[in-house]
Amino acid sequence: MGSTGQNAWKLADHPKLPKGKTVAMVVLDGWGEAKPDQYNCIHVAHTPTMDSFKTTAPEKWRLIKAHGTAVGLPSEDDMGNSEVGHNALGAGRIFAQGAKLVDLALASGKIYDGEGFKYIKECFDNGTLHLIGLLSDGGVHSRLDQLQLLLKGAAENGAKRIRVHILTDGRDVLDGSSIGFVETLEKDLSNLREKGFDAQIASGGGRMYVTMDRYENDWDVVKRGWDAQVLGEAPYKFRNAIEAVKKLREEPKANDQYLPPFVIVDDSGNPVGPIKDGDAVVTFNFRADRMVMLAKALEYEDFDKFDRVRVPKVHYAGMLQYDGELKLPGHYLVSPPEIDRTSGEYLVHNGVRTFACSETVKFGHVTFFWNGNRSGYFNQEMEEYVEIPSDVGITFNVQPKMKAKEIAEKARDAILSGKFDQVRVNLPNGDMVGHTGDIEATIVACKATDDAVKMIIDAIEQVGGIFVITADHGNAEDMVKRDKSGKPLLDKNGNLQILTSHTLQPVPIAIGGPGLAPGARFRNDVPTGGLANVAATVMNLHGFEAPSDYEPTLIEVVDN
Ligand SMILES: O=C(O)[C@@H](CO)OP(=O)(O)O
Ligand SMILES: [Mn+2]
Ligand SMILES: [Mn+2]
């Protein structure tokens, strides 16, 4: 911004909308809009509150885009996700996101001229290059084609010995697709071997059970990965990764997301790629939340979350820097998007007292991602962030109600306390249960979400406030893979192909409450509006104009 002084943060008064109304900002995670059928869990579930917005106040309900270029992703084929979704909601502008920035850096070759690559390259003569990350083409945390380019580029730039530590997906892509991705990677590695490089897969495991925990929900997940990747120890040992994944998937109930950790061993039974002193390590996920914990384990000298046993002296770089505030990791291959001047920061500077809450698995979404990938408060006196501990060690189809009620109660109490102007929550159920692929449980999840929304809008009713209900991307509204005409697809055994991932669907946004000015309604001249238009809308509802470079507001106020 032009000036860094306090004045630069001052927002103009909205000409028509008053200040001082309590605004509830509710994000339903994984709640899109799709045709009603039996695989649309939101449609099947009893959701009278969410239904009523659409039917009783159609001028205060609409759909907005939540995927593709509307949230800074490379193409319209990219489904939405929580990181880019909450970034857009909070920042009010569309930033080229990690997926795109890595594409550009790889295409131009600039990645190899950067400080991060030079740093890891210092180990190439005498050490091994380890690449750790999610192996799929989901495009939410990482992409296989980026890994392939990085492998090729590293080899061309001097890496002689390369070990890949894979995390199987099944959450952003179909369950069972891990085998195909491992086969593709094995082919690439064998090509490299033919050219004289020593390149192999060294370890693996399912993303939800090995390494990719987030927000410090369960350090055991990261420890399992550490043991396999760094120490070369795991309950399962295989000679190659294709065999490993095929065998481990044979266990009843096994799936890609939760495969147990394994290491690849040589003829004598020794692990082929533990991480040692003098090695280089790259975590090739571009998305932050599920890499931060491993980054801490690799980088922090003082670390007490689990016994690392051996802490190798390595040159470590992230694909991106995952946390700008913590400067974590210190070295990275591609600079992250610089998401500055978020609505949260503006509003705090303009006297808006903010409360934010979710349960652990989504806590960082409504704080860290919302605030432009920044941890902590802008102003401790004016903000309170509350984290409700998530259940640990279960898949959420077992507890589909999750902590929706507890989150809603906290929001209700915050609203009724009169201490806050904005009360912001993320309700995780549609997404977290949707990812399990369990349709019955997802229906229960959607009802629990609707009940929670009801509790929050009842509180808003009591204080004469305003509510904004929206979502970050789709998930629960479509649980099957479909052909182009929308017909559910069957696999070769005639079984339905269950969709565990997010979707490309738009999401609803509803506004209302007794504090909403009588003439306020959605404009009809922003038909392509998306998540990034929400921030200006919310600033208006707090009585302010949004900064001029924000995406336009979705609302207008007509004289009645
Ligand atoms: O669980 C996650 O990491 C992603 C899916 O990969 O979901 P969300 O973007 O909703 O957090
Ligand atoms: Mn989400
Ligand atoms: Mn999700």
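This is a predicted model: local features need pLDDT of at least 70, side-chain atom pairs count only at pLDDT 80 or more; totals for chains, interfaces and linings use all residues.
The largest cavity, with a volume of about 60 Å³, is where ligand 1 sits.

**Second largest cavity**

- The residues lining the second largest cavity are M25, S343, L347, W370, Q422, A535, V538 and M539.

**Largest cavity**

- Thirteen residues line the largest cavity, and R171, R214, R287, H435 and H502 are those nearest its centre.
- Eight charged, four polar and one nonpolar residue make up the lining of the largest cavity.
- Domain 1 (19-96 + 339-557) and domain 2 (99-334) each supply at least three residues to the lining of the largest cavity.

**Ligand 1 and its surroundings**

- Ligand 1 is surrounded by 17 residues, and the closest are S82, H141, D172, R287 and R290.
- The shell around ligand 1 comprises nine charged residues, seven polar residues and one nonpolar residue.
- Ligand 1 lies between domain 1 (19-96 + 339-557) and domain 2 (99-334), because both domains give residues to the shell around the ligand.
- An oxygen atom of ligand 1 lies 2.6 Å from a polar side-chain atom of D172.
- A side-chain N or O atom of K362 is 3.0 Å from an oxygen atom of ligand 1.
- For D431, a side-chain N or O atom is likewise placed 3.0 Å from an oxygen atom of ligand 1.
- Ligand 1 taken alone exposes 310 Å², and the protein buries 100% of that area.

**Largest pocket**

- The largest pocket holds about 780 Å³ of space.
- Its lining consists of 28 residues, with K481, R482, L499, T503 and L504 nearest the centre of the pocket.
- Ten charged, ten polar and eight nonpolar residues form the lining of the largest pocket.
- Domain 1 (19-96 + 339-557) and domain 2 (99-334) both contribute residues to this lining, so the largest pocket lies between them.

**Second largest pocket**

- The second largest pocket has a volume of about 590 Å³.
- Of the 21 residues that line the second largest pocket, L174, D175, D491, L496 and I498 lie nearest its centre.
- The lining of the second largest pocket includes twelve polar, five nonpolar and four charged residues.
- The second largest pocket lies between domain 1 (19-96 + 339-557) and domain 2 (99-334), because both give residues to its lining.

Methods: Residues are numbered from 1 along each chain as its sequence is written. Chains are lettered from A and ligands numbered from 1 in the order in which they are written. Side-chain values use heavy atoms; hydrogens and water are left out. A residue is near a molecule or strand if one of its heavy atoms lies within 4 Å of it. A polar contact is a pair of N or O atoms within 3.5 Å; within protein, one must be able to donate a hydrogen and the other to accept it, and residues adjacent in sequence count only if both atoms are side-chain atoms. Accessible areas come from the Shrake-Rupley method with a 1.4 Å probe; for residues, only the protein chains shown count as cover. On a 1 Å grid over the protein atoms alone, a cavity is a set of points where a 1.4 Å probe fits but cannot get out, and a pocket is an open set with protein on both sides within 12 Å along at least five of seven lines; lining residues have an atom within 4 Å of a point. A molecule sits in a cavity or pocket if more than half of its atoms lie within 2 Å of its grid points. Ala, Val, Leu, Ile, Met, Phe, Trp, Tyr, Cys and Pro count as nonpolar, Asp, Glu, Lys and Arg as charged, and the others, Gly among them, as polar. Domain bounds come from an automatic or database domain assignment. Grid points are joined across faces, edges and corners, and a volume is the space filled by probe spheres set on the points.
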